[in-house]
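This briefing covers helix packing, salt bridges and a surface patch in one structure. Please read it alongside the coordinates.

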Amino acid sequence: MAISKAQQKAVNKYVRENYDRVNVNMPKGKKEKIQEQAALCGMSVNAFINAAIDEKLNRDAEATE
């Protein structure tokens, strides 16, 4: 089903107001490995990367306590 221009505009506005965007560069081939692992975990690439970041932040926070 196609999304109307009004729906897409609303989605873009929501994303702009509620999310920060980060562009990441990585060596060739790493993107495919991340995609494969995310699929194995039943996650989107975005959710997988966010979970990995959260895990690292939590681990570092615990190490500094």
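The points below are grouped by topic.

The model is predicted. A search of the whole structure finds 3 salt bridges. Helices α2 and α3 pack at an angle of about 95 degrees.

**Helix packing**
- Helix α2 spans residues 30–40 and helix α3 residues 45–63, and their axes lie 9 Å apart.
- The angle of about 95 degrees makes α2 roughly perpendicular to α3.
- On the α2 side, the contact is made by Ile34, Gln35, Gln37 and Ala38; on the α3 side, Val45, Phe48 and Ile49 take part.

- Glutamate 17 forms a salt bridge with lysine 13, with 3.4 Å between the closest N and O atoms.
- The two residues are 4 apart in helix α1, which means that about one helical turn separates them.
- Glutamate 17 is exposed at 54% relative accessibility, whereas lysine 13 is partly exposed at 44%.

- Glutamate 55 pairs with arginine 59 in a salt bridge, the closest N and O atoms being 3.5 Å apart.
- Both residues of this pair lie in helix α3, 4 residues apart, about one turn; arginine 59 is partly exposed at 48%.
- Aspartate 60 and lysine 56 form a salt bridge at 3.1 Å, N to O, and they too lie 4 residues apart in helix α3.
- Aspartate 60 is partly exposed at 34% relative accessibility, as is lysine 56 at 42%.

**Nonpolar surface patch**
- Val11, Tyr14, Val15 and Tyr19 form a nonpolar patch on the surface, with about 400 Å² of accessible area together.

Technical notes: Residues are numbered from 1 along each chain as its sequence is written. This is a predicted model: local features need pLDDT of at least 70, side-chain atom pairs count only at pLDDT 80 or more; totals for chains, interfaces and linings use all residues. Side-chain values use heavy atoms; hydrogens and water are left out. Patches are made of residues with over 30% relative accessible area and no salt bridge: like charges are joined within 9 Å, nonpolar side chains (Val, Leu, Ile, Met, Phe, Trp, Tyr) within 5 Å. Accessible areas come from the Shrake-Rupley method with a 1.4 Å probe; for residues, only the protein chains shown count as cover. A salt bridge is a side-chain nitrogen of Lys or Arg within 4 Å of a carboxyl oxygen of Asp or Glu. Axes are lines fitted to C-alpha atoms, for helices over the stretch in contact, and angles run from 0 to 180 degrees between N-to-C directions. Angles under 35 degrees count as roughly parallel, over 145 as roughly antiparallel, 65 to 115 as roughly perpendicular and the rest as oblique. Contact means heavy atoms within 4.5 Å. Buried means under 20% relative accessible area, exposed over 50%, partly exposed in between (1.4 Å probe, protein chains only).
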